[in-house]
Amino acid sequence: MYKISLITGDGIGPELSESVVSVLDTIHDKLDVKFDIQKLLAGDIALKQYGKALPDQTLDAIKKSDVCMKAPVGESAADVIVVLRRMLDLYANIRPAKSYPGMNALKDGIDMVIVRENTEDLYTGQEFEVPGAAVAFRIISEKASEKIAKYAFETAKLRNGKKRVTCVHKSNVMRKTDGLFSRVCTEVSRSYPDVSFDQMYVDACAMNLIRRPETFDVIVTTNLFGDILSDESSEVVGGLGMAPAANIGDNFALFEPVHGAAFDIAGKGIANPSSFILSAKMMLEWLGKKHNDSKCFDVAKKLESAVYGVVNKGIKTQDIGGTKTTSEFTKEIISLF
Ligand code: ATP
């Protein structure tokens with residue numbers, strides 16, 4: 001029995017959570033992988049109810065669970081996810097992008113993963129005001145850069161891809177910070193002779209993700225660039241509504257959609273739950289690896305086939321060109337178990 005802490009979130013978060021819970025409940029009932037799901041509050045709703053975006057009881061429950069799933073949270077996102085990533089040392093943010101049949105990806109054959117450093121850079125929001133200006137700290141450390149570079153090379157080595165790591169930065173302008181990141185990645189690359197290594201400035205990478213996305217394998221980059229490029233790579237393969245992400249540490253992991261709370265469509269019952277369901281698929285793979293449980297890998301595969309099987313039949317939510325509601329789409333997935 002795997003204990004899952006589930007932050008239900010804001011905006012479309014509760015709708016996505018309902019969908020993921022019904023999928024996991026179906027797996028629990030019909031297959032040999034069992035879950036104990038505890039729903040938790042964090043984000044704008046928790047701020048309103050408890051005066052704190054990340055209440056102590058939520059944090060305690062997460063720490064007692066085997067793994068966390070987090071639906072998107074709203075305006076207070078920085079006080080939830082940025083804090084959780086640092087507190088739980090979830091140093092690797094993994095964002096895959098792959099072209100699947102039925103998805104109208106920009107090109108066929110796209111199969112990449114963005115490995116984003118998850119604990120430092122401008123994304124920590126360390127800012128202050130001085131007369132007439134505002135200042136932000138951008139700290140890039142050797143330790144965090146080395147950890148994420150190793151994670152990227154291990155990923156490239158193990159996955160069935162082109163065995164290539166592309167280090168993305170802007171070291172021609174940020175010579176100290178991105179210079180350090182580039183140097184550390186280059187040093188780490190020497191320990192992986194079977195994985196090829198190249199480097200790209202972030203602006204060129206943004207262009208090449210449109211021009212020749214099929215040539216990428218593993219991209220390793222700093223926190224803010226990874227945030228931006230992964231929204232782009234999601235769109236390149238069909239949309240944010242299909243984009244899952246994993247926040248991984250040495251002992252714990254948290255899974256969430258790439259996108260935010262999407263307040264413009266919240267409460268309408270039209271959100272695409274695939275981003276969160278595919279995050280559950282990544283969770284199953286992580287549990288399988290951590291607990292040496294091959295059943296988790298089997299279920300993860302089944303879940304991925306179910307989502308893309310439904311999409312490939314033309315059964316889609318509005319964001320990807322269909323007419324199905326969140327619950328209709330979820331029922332179609334569940335019917336395949
Ligand atoms: P954040 O900065 O927190 O990532 P954002 O302002 O960039 O948030 P998102 O919430 O990520 O915005 O979403 C951008 C747009 O993509 C939304 O306005 C919404 O229309 C669409 N979108 C995002 N997720 C989904 C989804 N699961 N299903 C359908 N549409 C979505």
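Here are some notes on the structure above, point by point.

1. Some ground rules to begin with. This is a predicted model, in which local features need pLDDT of at least 70 and side-chain atom pairs count only at pLDDT 80 or more, while totals for chains, interfaces and linings use all residues. Residues are numbered from 1 along each chain as its sequence is written, and side-chain values use heavy atoms, with hydrogens and water left out.

2. Let's start with the ligand. Which residues surround the ligand? They are Ile12, Leu240, Gly241, His259, Gly260, Ala261, Ala262, Asp264, Ile265, Ala271, Asn272 and Asp319; a residue is near a molecule if one of its heavy atoms lies within 4 Å of it. Sorted by class, this shell has 6 nonpolar, 4 polar and 2 charged residues. (Ala, Val, Leu, Ile, Met, Phe, Trp, Tyr, Cys and Pro count as nonpolar, Asp, Glu, Lys and Arg as charged, and the others, Gly among them, as polar.)

3. His259 brings a polar side-chain atom to 3.1 Å from a ligand nitrogen. With Ala262, a backbone N or O atom sits 2.8 Å from an oxygen atom of the ligand. Asn272 also uses its backbone, with a polar atom 2.9 Å from a ligand nitrogen. Taken alone, the ligand exposes 620 Å², and the protein buries 60% of that. Such areas come from the Shrake-Rupley method with a 1.4 Å probe; for residues, only the protein chains shown count as cover.

4. On to salt bridges: how many does the structure hold? There are 20, each one a side-chain nitrogen of Lys or Arg within 4 Å of a carboxyl oxygen of Asp or Glu. Take Glu256 and Arg85, whose side chains meet at 2.8 Å, N to O. This pair links distant parts of the chain, since Glu256 is in strand E12 and Arg85 in helix H4 (residues 77–87), 171 residues apart. (Helices, H or I with at least four residues, and strands, E with at least two, are DSSP runs numbered from the N terminus.) Both Glu256 and Arg85 are buried; buried means under 20% relative accessible area, exposed over 50%, and partly exposed in between, with a 1.4 Å probe and protein chains only.

5. Another salt bridge joins Asp198 and Arg164, at 2.7 Å from N to O. Asp198 lies in strand E9 (residues 196–201) and Arg164 in strand E8 (residues 164–169), so the bridge ties together parts 34 residues apart in sequence. Are the two partners buried or exposed? Asp198 is partly exposed, at 23% relative accessible area, whereas Arg164 is buried, at 15%.

6. Lys281 and Glu304 make a salt bridge too, and their closest N and O atoms are 3.8 Å apart. Because Lys281 lies in helix H9 (residues 274–290) and Glu304 in helix H10 (residues 294–312), this pair ties together parts 23 residues apart in sequence. Lys281 is buried, with 13% relative accessible area, and Glu304 is buried with 18%. Elsewhere, salt bridges that share partners join Lys70, Arg85 and Glu256 into one network.

7. Last, a couple of phenylalanines. Phe252 is in the loop between strand E11 (244–248) and strand E12 (253–257), and it is buried, at 11% relative accessible area. Phe137 lies in the loop between strand E7 (133–136) and helix H5 (142–158) and counts as partly exposed, at 43%.

Methods. A polar contact is a pair of N or O atoms within 3.5 Å; within protein, one must be able to donate a hydrogen and the other to accept it, and residues adjacent in sequence count only if both atoms are side-chain atoms.
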